[in-house]
Structures are given as C-alpha cells and as structure tokens.
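Try each task before you read its solution.

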Amino acid sequence: MSTPEPHAPGTLQSFKRGHVGHVVFNNPRKFNAMNYDMWAALPQVMQDFVDDADIRVIVLSGAGDKAFVSGADISQFDTMRTGDANLVYSQASEAGYAAVLDCPKPTVVQIQGICMGGGLGLALNCDVRICASNAKFRMPAGRLGLGYAFDGVKRFTEIVGVGHTADLFFSARIFDAHDALAMGLVKQVVAPEALSATVDDYTRTVCENAPLTLAAAKRALLELRKNPEQRDMALVQAMVNACFASQDYQEGRQAFAAKRPPVFKGH
C-alpha cells in the first residue's frame, strides 16, 4: 500500500491504496484553489493511474477539511489570466478538465466544504460525486464576468438538466449539499466525519467488480457523450465481447454458483 508524501501547498498530491488511485488538490490555505502548476500537473497524474493496470478506480479530493476546490487561484489573475499568458493558462486548465472527464477508468469525487467555480466543474467531470453535509456549491461565473465554455455548460446539463443549469448560471447562488442531492448533482450526502469512510467503502465495492466490465461500462458512458455519428460503437462492442471471453467471466459464474465472492483478475 502506498501512502501520501508531504507536498508543498499549491501542488497535486497522488498516491495509491490497493486498487484505488488518489488525487489530492493540495492548497489548503487558499481552500485548495487551483493554480497553473496544479492544472498543468493534473493530466499526467491521471494518465499515470490510467496506465497502472492495478488501479481500478480514481478518487479526487481536497486537502484538509475546509474545501474540495474553491475555484481558480485569483492571485494569478493579473499574471496568468491576461494577454498571451491567458492562452497558456486556458490550455492547461482545459487539459486538466479533459483528463478527468475523458478518463477511461471510473472516477469518484469526495467533496467536503467549498466546491465552487472550477472545483464544481471538476466535480461534475467525475462519474460519481459523494459529499459531506457541510458542502457548499456555487458557479460564480456571473459574479466574475467571465464566459463559461460550451462544453462546460453542456456537462452541467448532462448531470442536472437544463433547468437547474440555467438557475445555477443565471443566479450564481450558493447552494448546499441537500440542494445538490435534490437536483441529482451528488449521489450521496453524509456527515463530514463519515465522508472518507463512505468513499472508501464505495470504492472498495467498485474494486470488487470485474475490471473488464468496469472498463466496458465506462467506455459506453464516454461514447454516449459524443454525437451519435462520432460514437465508436465497434470499440464498445469489442469491449463487451472481451468481457464474455474473459477468465473473469468464468470466475464470476463459478463464484455465483458456489455462492462465494468472486476474485477478479482483469483478464
């Protein structure tokens, strides 16, 4: 089992526990606000877990107990969000968002405290969202005067629908965990002290399932986000076929017949 090593604030922290890869946004003094270096590091951290055959699910969380991610680090706005530098920053943030959204492995986000702006965008790019009852959400673009990219707005509509998306962008209001649960933004709300254990239990359940089945289901979900003419249905079908041809499928049937837990190997 890998354990986290200390990192300077304003960096990403990553480590493994069993079959779970962990990505921690580590900037607690600024409520885990995302700076350029954090955005730039995120694609490689995600890719390392994608390339690791032992990793079956990836968890994103924030350092400390005050925030998941509060948004962008506004101290960089004067230097990184103007002129030519803004293009570099935008490319880094877009690559970071895409690395999470397009990840071929299941992703779970653990949300405590503040989850706003870019943090809310990152959370919505994950497959499953579990939050503490003290979570506070906001899409503050309207308060900052910035434009939100089409793909980002589209992702909101995929998760919470057009009506809730309109409300959140038009009002820029703060809403709580129970509002998030009611609109379908999160799967589950738990007490803050139970959040880590709840996420651990959930990911343990995911990791007990067949890796090839998880991969096929995730691929289908990724293709569903595309326009119909762009979907790679042959790839989806090939991954489904691989499940039925696998040793894990034999193991699953044998375990079911013997009324014992299956032990899947991913092949």
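**Exercise 1.** Work out in which hand H9 passes H10, and how the two helices are oriented to each other.

*Solution.* Step one: H9 crosses H10 in a left-handed sense (left-handed if the near helix is turned anticlockwise from the far one by less than a right angle, right-handed if clockwise). This is a predicted model, in which local features need pLDDT of at least 70 and side-chain atom pairs count only at pLDDT 80 or more, while totals for chains, interfaces and linings use all residues. Residues are numbered from 1 along each chain as its sequence is written, and side-chain values use heavy atoms, with hydrogens and water left out.

Step two: helix H9 (residues 211–224) and helix H10 (residues 233–244) pack at about 165 degrees, and their axes are 9 Å apart. Helices here are DSSP runs of H or I with at least four residues, and strands are runs of E with at least two, numbered from the N terminus. Axes are lines fitted to C-alpha atoms, for helices over the stretch in contact, with angles from 0 to 180 degrees between N-to-C directions.

Step three: H9 and H10 are therefore roughly antiparallel (angles over 145 degrees; under 35 is roughly parallel, 65 to 115 roughly perpendicular, the rest oblique).

**Exercise 2.** Find which residues of H9 and H10 meet, and sort them by class.

*Solution.* On the H9 side, the residues include Leu212, Ala216 and Arg219; on the H10 side, they include Leu235, Met239 and Cys243. Contact means heavy atoms within 4.5 Å. By class, the H9–H10 contact has 10 nonpolar, one polar and two charged residues.

**Exercise 3.** Is valine 57 buried or exposed, and which residues does valine 57 touch?

*Solution.* Next, read its relative accessible area of 0%: valine 57 is buried (under 20%; exposed is over 50%, partly exposed in between, with a 1.4 Å probe and protein chains only). Then, leaving aside neighbours within four places in sequence, list its contacts, among them His19, Gly21, Pro106 and Val206. Finally, check one distance: the C-alpha atoms of valine 57 and glycine 21 are 6.4 Å apart, although 36 residues separate them along the chain.

Methods:
Ala, Val, Leu, Ile, Met, Phe, Trp, Tyr, Cys and Pro count as nonpolar, Asp, Glu, Lys and Arg as charged, and the others, Gly among them, as polar.
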